[in-house]
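Please examine the model shown here.

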Amino acid sequence: MEAKELIKYFKSLGIDVHTTTKARGHQGFFLKNRIDISKNVPQNKLVQTLLHEFAHYIHSKIEPEINKSDGTILALFKEENPNFKDELLKVTNFVDENSLCIRLYEHKDRIKERAKELEKIIKLDYPKFLRTKKFKEFDKYIKRSNAKYLLKYDRVKLIERGIFKRTTKLYTIENIEKDFPDMQKSFAAYIRLRSCQRKQARISSRINKYNKYYQKPTELFARLVEGLYLDREWVEAIAPNVTKRFYELLNEGYYLELKNVI
């Protein structure tokens, strides 16, 4: 089916379909019998996106509370199989390379290497330095310096109010040596190390957020449907158990109107 045919069929089922919205910041969005497709979705991805959202529609009929619970693999395939989730994740990685978080992992590795370099600089002056323990020499110094604000933020604007005027000073991670010429090189390295640790924590949080999203049963199911549209033979090869079960249930009518578009 082409996109126009799919939309016409979806509307015949009573689904409210919109293709010129922002789709709540996504490519597509399904909620309460309504499918929104972003106006920014390329024409060559329109069918794929429509099928993804239609899969959510079908899933909502099988498990009405999917928007709250994200569904279950058991309800989707009517049996427990330890291979199902692993195979569904392989299909997800094939369908959407963003699910691999490659750029995030690469960025995290670069920051990790940078942190190691900074640690070496610190250990030139303080050989016993450990990230997991208090850096007493640094703590003693930082109490008297405005550089202490850079322990939490990479950029800080301090406003000092005087009797007749107020002054503004901007401090940044990049300009530590210029802003604090009396600071030891090892102390500047420690402030930058703390910055690296904050960045690593933020990236880890993003990776966890993406993994949680992509591993939702309802998302795994929708990307299985996408995958079968994109390359049926490849998906059957990387997910033999789950596709076999999917076809069995499809032919039995378990997936309702999905049988008419697969």
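Q: What makes F77, F221, L224, L228, Y255, L258 and I262 contacts of F246?
A: Contact means heavy atoms within 4.5 Å. Leaving aside neighbours within four places in sequence, F246 is in contact with F77, F221, L224, L228, Y255, L258 and I262. This is a predicted model, in which local features need pLDDT of at least 70, side-chain atom pairs count only at pLDDT 80 or more, and totals for chains, interfaces and linings use all residues. Residues are numbered from 1 along each chain as its sequence is written, and side-chain values use heavy atoms, with hydrogens and water left out.

Q: Why is the pair F221 and F246 called tilted?
A: Rings of Phe, Tyr and Trp (its six-membered ring) pair if their centres lie within 6.5 Å; planes under 30 degrees apart count as stacked, over 60 as edge-to-face and the rest as tilted. The centres of F221 and F246 are 6.2 Å apart and the planes stand at 55 degrees, so the pair is tilted. F221 lies in helix α10 and F246 in helix α12, so the pair ties together parts that are 25 residues apart in sequence. Helices here are DSSP runs of H or I with at least four residues, strands are runs of E with at least two, and both are numbered from the N terminus.

Q: What makes Y171 and F180 a stacked pair?
A: Their centre to centre distance is 5.0 Å and the angle between the planes is 25 degrees, which places the pair in the stacked class. By the ring rule, the count comes to 23 aromatic pairs. One aromatic cluster is formed by F77, F84, F221, F246, Y247, Y254 and Y255.

Q: How do you know whether Y171 and F180 are buried or exposed?
A: Buried means under 20% relative accessible area, exposed over 50%, and partly exposed in between (1.4 Å probe, protein chains only). Y171 has a relative accessible area of 9%, so Y171 is buried. F180, at 8%, is likewise buried.

Q: Which residues have the most contacts inside the largest nonpolar core, and what makes it a core?
A: A nonpolar core is a set of buried Ala, Val, Leu, Ile, Met, Phe, Trp, Tyr and Cys residues joined through side-chain atoms within 4.5 Å. The largest such set has 44 residues, and those with the most contacts inside it are F77, F246, Y255 and L258. Among the elements that give two or more residues to this core are β3, α2, α10 (217-230) and α12 (240-252). The largest share, 9 residues, comes from α2. A second, separate core of 31 residues includes I122, Y126, L158 and Y190.

Q: Why is α2 described as largely enclosed?
A: In α2, 16 of the 17 residues are buried, so the helix is largely enclosed by the rest of the structure. Q48 is found in this helix. With a relative accessible area of 10%, Q48 is buried.

Q: How do you know that the span of α2 is close to the expected value?
A: The expected span is 1.5 Å times one less than the number of residues. Helix α2 (residues 46-62) has 17 residues and reaches 25 Å from its first C-alpha to its last, close to the 24 Å expected.

Q: What makes β2 and β3 paired strands?
A: Two strands pair if DSSP finds at least two bridges between them. Strand β2 (residues 28-31) and β3 are joined by 4 bridges in the antiparallel sense. Strand β1 (residues 16-21) runs parallel to β3, also with 4 bridges.
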